[in-house]
Amino acid sequence: LSQDLPYLKRADHIGADYYIVCHSKLQHIDRFNHLRKNVATQYNSQIKNSGVTLPSISDHRDHVFHQYTILSNTRDELQSYLHENGVSSAIYYPIPIHKQNVYKLSQTNTTLKNAEEIATKCLSLPIYPELGVDEIKYIANLLINSRKNLLKRILILTGEKSGEIIAKPLVLEIKNQVKESIYISGMTGDILSPHIDETIID
């Protein structure tokens with residue numbers, strides 16, 4: 001949460017070390033970016049029927065996937081489920097800029113519906129050049145299973161024996177919410193596309 005306007009500051013005594021590290025990594029930047037894109041492509045191809053919105057990958061736009069961010073209507077439950085199964089995830093922007101304390105006085109009557117909605121749904125999955133095929137598959141399977149697991153929890157809590165009563169309305173609600181929201185990912189203007197299937201419960 002920002003209390004003051006941000007400034008870019010760097011202490012002189014670490015400047016040289018910082019330059020050396022950056023210069024060393026920049027020599028491999030193209031390879032790193034290629035590997036990140038490959039991870040994102042594998043995520044998109046493997047995460048099915050999960051009830052989340054995935055980043056779109058287009059032949060007409062380029063994205064290095066510094067972050068791989070999804071949208072979920074049950075974001076907090078999903079993050080807890082991932083954590084329980086040994087997978088870290090992050091919510092980088094939990095509070096929209098216009099809601100930060102430093103801007104509150106000048107933005108008292110500002111409402112940015114898309115930004116506020118996305119802030120409650122966005123979740124970034126692990127992505128880095130060295131992420132392996134088996135790790136990607138494990139994380140993708142967790143997202144698929146998390147959806148089924150959540151719906152089964154709902155059924156247990158409500159005492160329903162059949163998934164049809166709750167599952168179908170929940171899927172329709174998610175579809176409607178996704179249609180109303182537009183998510184611009186990163187600085188490239190990539191629009192996230194929904195991947196939702198009504199066949200969620202076995």
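The model is a predicted one, in which local features need pLDDT of at least 70 and side-chain atom pairs count only at pLDDT 80 or more, while totals for chains, interfaces and linings use all residues. Residues are numbered from 1 along each chain as its sequence is written, and side-chain values use heavy atoms, with hydrogens and water left out.

Side chains of opposite charge can pair when their charged atoms come close. A search of the whole structure finds three salt bridges, each being a side-chain nitrogen of Lys or Arg within 4 Å of a carboxyl oxygen of Asp or Glu. In one of them, Asp-62 pairs with Lys-37, and their closest N and O atoms are 2.7 Å apart. This pair links distant parts of the chain, since Asp-62 is in the loop between S1 and S2 and Lys-37 is in helix H2, 25 residues apart. Helices (H or I, at least four residues) and strands (E, at least two) are DSSP runs, numbered from the N terminus. Lys-37 has a relative accessible area of 28% and is therefore partly exposed, given that buried means under 20%, exposed over 50% and partly exposed in between (1.4 Å probe, protein chains only).

A salt bridge also joins Asp-76 and Arg-75, at 2.8 Å from N to O; Asp-76 is partly exposed at 47%, whereas Arg-75 is buried at 8%. Glu-117 and Lys-121 form a salt bridge with closest N and O atoms 2.6 Å apart, and here Glu-117 counts as buried at 17%, as does Lys-121 at 10%.

The loop between strand S1 (52–54) and strand S2 (68–72) also holds Phe-65, which is buried because its relative accessibility is 3%. The phi angle of Phe-65 is near 55 degrees, a positive value in a residue other than glycine. In helix H2 (residues 29–46) lies Gln-42, buried at 15% relative accessibility. Leaving aside residues up to four places away in sequence, Gln-42 touches Val-133 and Ile-136, where contact means heavy atoms within 4.5 Å.

Of the 14 residues lining the largest cavity, the closest to its centre are Thr-74, Leu-78, Ser-146, Arg-147 and Leu-150. Helix H5 gives the largest share of this lining, six residues.

Key. On a 1 Å grid over the protein atoms alone, a cavity is a set of points where a 1.4 Å probe fits but cannot get out, and a pocket is an open set with protein on both sides within 12 Å along at least five of seven lines; lining residues have an atom within 4 Å of a point.
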